[in-house]
Amino acid sequence: MPRSARSATLRDAVGLGVAVGLYGAAFGAAADAAGLNVWQAMTLSLVMFTGASQFALVGVLGAGGSALAAVGGALLLGTRNTVYGVRLVPLLKPQGLRRFGTAHWVIDETTALSLAAPDRGLARLAFLAGGASIYLLWNLTTVAGALGAAALSGPALAALDAVVPAAFLALLWPRLRKGFPEAAVQRRVALGGAVVALALTPIVPAGVQVIAAVIAVALAGRPRARQEAA
Amino acid sequence: MSGTVLWATVVAGALGCYLLKLAGLSVPAAWVEQPWVARVVDFVPAALLGALVAVQGLTTGHDLVVDGRLVGLAVAAIALALRAPFIVVLLLAGAAGALVEILTG
């Protein structure tokens with residue numbers, strides 16, 4: 001494969017890895033705000049390693065939700081990684097035991113990098129380079145964020161309270177932006193989810209309103225009759 | 001919530017999410033690529049993240065509460081619309097929340 005394509009792939013993968021990896025600091029801080037200790041925050045970043053699910057788990061716990069609601073929210077958000085895996089199999093062709101390692105790094109960013117790569121060799125390179133840089137930085141910044149947040153007090157705690165909802169908005173935002181497939185429908189579903197959750201907040205146990213918000217998916221309507229390549 | 005329950009939550013959630021990833025590399029593609037399954041999976045994140053933005057930004061326990069968090073969200077939305085990097089968005093939201101706390105606290 002040409003050298004330039006290789007280095008361009010590496011540059012993109014590591015660049016995205018660094019940008020996304022830093023975001024782990026926000027997760028560490030959110031975990032601390034929800035009452036998790038540093039070890040629990042680290043376990044989530046090391047083993048769960050899928051940002052939106054990690055944020056959902058600590059977000060539900062932070063809202064006073066039950067263990068079941070917290071795990072349910074994380075798993076619902078984790079289902080998209082299953083679909084990503086299906087799309088990655090033809091590119092990465094993970095064999096035997098390597099499947100168990102590959103699975104660990106199947107997330108939004110590594111999927112996007114691999115699917116964007118011009119050929120299979122570069123797709124593997126993008127997956128590994130992106131996965132490694134995100135994994136390393138995400139875990140380091142998780143620890144920094146958790147320890148840093150634990151030391152906060154006064155107005156700095158109010159700052160942390162404001163960072164957590166903003167972090168969810170930042171996770172949601174790319175889906176609502178022009179250019180994302182069916183962005184207008186995504187906006188409708190997101191707004192529906194927010195309305196359902198707020199309406200249920202006074203009446204259901206804490207955290208359950210987040211899970212119940214999946215009914216807003218109904219606003220997306222039936223599947224389009226399209227057979228485009230994923 | 002006791003320390004044990006918290007640990008059980010962390011471990012169960014982490015293993016469950018890993019198994020969902022592993023399933024994608026292991027099950028026949030036809031199971032996952034049904035139009036209805038794909039449709040639901042495409043839109044679950046928007047519904048849940050929308051709910052989490054609302055719950056984290058506007059509620060405390062069972063009550064709707066308007067405070068610095070909403071101001072932080074508004075600032076974050078403007079920063080995101082202007083394509084600011086994630087970290088900048090979060091710092092601005094945090095600064096807005098702290099400022100409201102100082103002004104009203």
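**View 1. Chain B, its contacts and its fold.** In chain B, among contacts between residues at least 6 apart in sequence, 33% join residues at least 24 apart. Two residues are in contact if their C-beta atoms, placed from the backbone, lie within 7 Å. The model is predicted: local features need pLDDT of at least 70, side-chain atom pairs count only at pLDDT 80 or more, and totals for chains, interfaces and linings use all residues. Residues are numbered from 1 along each chain as its sequence is written, while chains are lettered from A and ligands numbered from 1 in the order in which they are written. Chain B has five helices and two strands. Along the sequence they run α-α-α-β-β-α-α. Helices (H or I, at least four residues) and strands (E, at least two) are DSSP runs, numbered from the N terminus.

**View 2. The spread of chain B.** The radius of gyration of chain B is 19 Å, well over the 13 Å that the globule rule gives for 105 residues, so chain B is more spread out than a compact globule. This radius is taken over C-alpha atoms, and the rule is 2.2 Å times the number of residues to the power 0.38. The C-alpha atoms fill a box of roughly 55 × 40 × 25 Å along the principal axes. Buried residues make up 45% of the 105 residues in chain B. A residue is buried if 20 or more other C-beta atoms lie within 10 Å of its own, exposed if 12 or fewer, and partly exposed in between.

**View 3. The side of chain A that touches chain B.** Here 83 residues of chain A are in contact with 68 residues of chain B. The largest share of the chain A side, 19 residues, comes from α9(A). By class, this side has 60 nonpolar, 19 polar and four charged residues. Ala, Val, Leu, Ile, Met, Phe, Trp, Tyr, Cys and Pro count as nonpolar, Asp, Glu, Lys and Arg as charged, and the others, Gly among them, as polar.

**View 4. A47(B) in the largest nonpolar core.** Of the 112 residues in this core, A47(B) and L48(B) touch the most other members. A nonpolar core is a set of buried Ala, Val, Leu, Ile, Met, Phe, Trp, Tyr and Cys residues joined through C-beta atoms within 7 Å. α9(A) gives the most to this core, with 15 residues. Residues touched by A47(B) include V189(A), A190(A), A213(A) and V217(A).

**View 5. L113(A) in helix α7.** L113(A) is found in α7 (residues 108-116) of chain A. L113(A) counts as buried because it has 24 C-beta neighbours inside 10 Å. Among the residues it touches are D12(A), L16(A) and F127(A).

Conventions. Lists of a residue's contacts leave out its neighbours within four places in sequence.
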